[in-house]
Amino acid sequence: MVSILRCIMLKEVGASGQISLGKRFAGQLFEMVVHADQRVELIPMSVVAGKRASAPARSSADWRPPGGNQPANDRAQANREALEAYAAEEEGHGTAAEQLQQYLDAAARAVG
């Protein structure tokens, strides 16, 4: 005879976005599935030692992120020329950290 244990718990998500399932589940690995209706399902998983999965080979011509959603990819493809022009322009300015360092260096030179 198979015994089915059903446990219903009401949990509140804290300000940091976490929930506590209790010590019974401590250290256990779960796959989290968020359904279209925002229902969340936690499925117990186990780690199986083996070869690490590698990313599928991609052509250099495919510049879009892997696994992206199709509508976003379609918009990016339609605006590729403008996106590449913007990226080239931004590349000339450097990163935010580089821009900040340039500002600090200029301010230090101005002071003395």
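Predicted model: local features only at pLDDT ≥ 70, side-chain atom pairs only at ≥ 80, totals over all residues.
Let's start with the bigger space. Rolling a probe the size of a water molecule over the atoms shows where empty space is left. Here, the largest pocket comes out at a volume of about 360 Å³. It is lined by 12 residues, and Cys7, Met9, Leu21, Phe25 and Leu42 are the ones closest to its centre. Sort that lining by class and you get nine nonpolar residues and three charged ones, with no polar residues.

Now for the pocket we opened with. The second largest pocket has a volume of about 270 Å³. Its lining includes Val13, Gly17, Gln18, Ile19 and Leu21, along with Phe30, Met32, Val40, Glu41 and Leu42. β2 makes the largest contribution, with three residues. By class, the lining of this second pocket has seven nonpolar residues, two polar and one charged.

Gln38 sits in the loop that links β1 and β2. Its backbone has a positive phi of about 70 degrees, even though Gln38 is not a glycine. Is the residue buried or exposed? Gln38 has a relative accessible area of 61%, so it counts as exposed, the cut-off for that being over 50%.

Conventions: Residues numbered from 1 in each chain as written. Heavy atoms only, no water. 1 Å grid on protein atoms, 1.4 Å probe; cavity = no way out; pocket = protein on both sides within 12 Å on 5 of 7 lines; lining within 4 Å. Points joined across faces, edges and corners; volume = space filled by probe spheres on them. Nonpolar A, V, L, I, M, F, W, Y, C, P; charged D, E, K, R; others polar. Helix = DSSP H or I, 4+ residues; strand = E, 2+ residues; numbered from the N terminus. Buried < 20%, exposed > 50% of the residue type's maximum accessible area, 1.4 Å probe, protein only.
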